[in-house]
Amino acid sequence: MRKVGVVGAGMTLFRRRLQETGKELSFEAARMALDQAKMEIGDIDAVVHGTAPDAFDGVHMKGEYLLDGSGGTRKPYMRVFTGGGTGVFSAIAGYWHVASGLADVALVVNEEKMSSCQPHPQSVFAHIWDPILDRPLKPNLVWIFAMEMNRYMTIHNIPYEDIARVAVKNKRNAVGHPCAQLADGDITLEDVMNSEIMAWPVRRLDISPPSDGAAAVVLASEDVVKKRRLRDQTAWIKGVGWCIDSTMWTDRDLYFPEYVARAAKMAYRQAKIDRPKKQIDFAEPYDPFDYKELHHLEGLGLADKGKAGLMTREGVTERDGDLPVCPSGGLLGVGNPIAATLGIKVGELYWQLTGQAGKRQIPNEVHTGVCQAWGDLMQYGSVVVMGT
Amino acid sequence: MTFTERTTDARMFRHWPGDIEADYIYTSGLAGERFFRELRDRGHLAGTRCSECGKQWIPPKLFCEECFKETHEWVDLPRTGTVAATCVVRVALDGAPLRAPEVWGLVRFAGFQGGLVHRLLVTEDRARAGLRVRPVLKPEGSRSGAITDIEGFAP
Amino acid sequence: MTARVTRWPGVELGSKDLESGKVTTVRFRPEAKFAWSAGEAMSRFLAELQRGRLIARECKSCGRILFPPRMFCEECFRPTDGWVYVRDTGTIETYSISYLDTDARRITEPILVGVVSLDGASPKMGLMHYFGEMTTKEIRIGMKVQAKWRPPESRVGSVLDIEFFRPRKGAER
């Protein structure tokens, strides 16, 4: 397989409601990534578009609808979707195109326009439930996250304070992100711990908001990087992994994300990483809820089971700590436009590794990072390792 | 090897009825906002032009599909267009027959890529490609900034 | 490069902007009605619920008793071998105390909901359901519970033929 590098990235603001159509959002992110990569649409051999269900934007066959804004007109094009895992998975699908030799340059564009859904995207999320087993109980999506969080906290005896601390860290980190929806430099632990209970143990400030937004990255082969002299702005993809667990989530013990561990194992093996705690310099795990950052750090092998909370407590995961986690501000601070989180996962790794993260730049030198996304009914893990 | 047991009496099968509830508000977007405001407030149609390749687009696009660059110029559509294709519809979305057939067409405009799909305000026997048509708008007070501000296209 | 970008694209709209007509919009409500086929396994599952019983399937290859029942074992990837009844008693594996209803509206009386693993099925084979006859202080992971069934004439072949799971009498609470 060929070596593949990320040579440019772009994203729009993440907000609860943006005026642009999905096509326009896709264009804005894609254009920015192309400009960063110093390329034009004619340089792109293939396009991958990642986006969550058609039901959010309210446009059937959304992949086809968004393709012109993604630069895919009359090109090899595919739309991928793996639930919340799409934010990292679409970059993996783009990677396949270039690593295989089928394309020299691939453009990956992810978009989400959840604001179309009335009164709240929640009403569409509701259809993820099994019609016979779950829907008659009139469930709210927050219930399953609450159940997973409860199981995780109870099995390991983790105090809620250790979980809430993640929300504080990420919302504060997000102050350095120009696109952030929920940055808050003044937020305190008390603010989070006293916020209203949605479905115990989940409280309002434990959750990331729905958002509109788009993000894009340009992937190029080593030859292209050499020919165009892009080495200084390239971060290489070292390993990719993805895994999904059964949809019968009531049959699984939710305290540990097995599917993330397997995806990470796959990516680490390719990246020749056998001691992730030592060899990974910083991480962008998926944090739609504060407890998920901890849950995923354990799945990624960056913390022992039940111990990730200690790392936040001790400041290890702050931007200036030994293992910065979510230096972007994560979904909790920047926003959660599902697939467009590409910009704060893969995009953040790219900007940190190439020294372009501005106010968010990690002060210690970083050479290897891991990003991860998570999706569906607590099922999906996608992992990408990148390095200089 | 398939299931070890299989029910063959279809009356034994259960179904679970339900619906997918969803409700949507779509914004017109940045290009669409200007297009629909011009239509609603000034009663005229405009498209965008790409300054790189010169291609003009209707419906107007924020970006040129060919060059993948942002468009910045707005150009009025010619006052008439030409019907590129027509169809006559006799059945509603739910399958019920319509009381009177509806004539629909794709209208193209000289110098512009694309076109508009809309009602053709002609009887069935007069519907044909090649007809020169102009837009017929709803009265100013009834326009809301939507494609339905155009009543249809007439010869 | 990126650090020097001054204008990040995106035009924000406020919550009132869509309703107030500040920007042009179109509304649409799709009509999508479904009749989901319960299939081989779930048809029997629902029929048994109507009779006041819980049924599972056995995979002889891995030895698991699978609940809810399915005609193929997803781990061995082969057809399952036979029907097995499981008991209507079990253990709370996890739960939530919800102050939100299905439309994300706040409610004052919380809903107790969670996953029950059922006795007779393989470990951790569970069902999501309501919990009742217990307070928010009493509910805990590990509690032994039992189904409270609706009267036979009210059952229709649905998971709601069980009203909720309640603390099991005689079992340690």
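The following legends describe close-up views of a predicted model.

**View 1. The open sheet of chain A.** Nine strands of chain A form an open sheet with mixed pairing, in the order β3-β2-β4-β8-β1-β9-β12-β11-β10. From one strand to the next, the twist averages 25 degrees.

**View 2. Pairing of β1(A) with β9(A).** Within the sheet of chain A, strand β1 (residues 4–11) pairs with strand β9 (residues 235–244) in the antiparallel sense, over three bridges. In this pairing V4(A) stands opposite I237(A), a residue of β9(A).

**View 3. Helices packed on the strands of chain A.** Helix α10 (residues 258–271) of chain A packs on the sheet and touches β9, β11 (368–375) and β12 (380–387) of chain A. The direction of α10(A) makes about 145 degrees with that of β9(A). Helix α1(A) lies across β1, β4 (105–113) and β8 (212–221) of chain A.

**View 4. The contact between chain A and chain C.** Chain A contributes 47 residues to this contact and chain C contributes 43 residues. On the side of chain A that touches chain C, at least two residues are supplied by each of α1 (22–37), α5 (122–125), α6 (142–156) and β6 (197–200) of chain A. Helix α6(A) gives the most to this side, with seven residues. By class, the side of chain A that touches chain C comprises 22 nonpolar, 15 polar and ten charged residues.

**View 5. Strand pairing between chains A and C.** Strand β6(A) pairs with strand β8 (residues 89–100) of chain C over two bridges, in the antiparallel sense. Here A199(A) stands opposite S98(C) in β8(C).

**View 6. The contact between chain B and chain A.** This contact takes 18 residues from chain B and 21 residues from chain A. Elements β1 (15–19), β2 (23–27) and α1 (29–42) of chain B each supply at least two residues of the side of chain B that touches chain A. The largest share of that side, five residues, comes from β2(B). The side of chain B that touches chain A has ten nonpolar residues, with four polar and four charged residues.

View 7. Strand β5 (residues 117–118) of chain A and β2(B) run antiparallel and are joined by two bridges. Residue Q118(A) stands opposite D23(B), which belongs to β2(B).

Notes. Residues are numbered from 1 along each chain as its sequence is written. Chains are lettered from A and ligands numbered from 1 in the order in which they are written. This is a predicted model: local features need pLDDT of at least 70, side-chain atom pairs count only at pLDDT 80 or more; totals for chains, interfaces and linings use all residues. Two residues are in contact if their C-beta atoms, placed from the backbone, lie within 7 Å. Helices (H or I, at least four residues) and strands (E, at least two) are DSSP runs, numbered from the N terminus. Ala, Val, Leu, Ile, Met, Phe, Trp, Tyr, Cys and Pro count as nonpolar, Asp, Glu, Lys and Arg as charged, and the others, Gly among them, as polar. Two strands pair if DSSP finds at least two bridges between them. Axes are lines fitted to C-alpha atoms, for helices over the stretch in contact, and angles run from 0 to 180 degrees between N-to-C directions.
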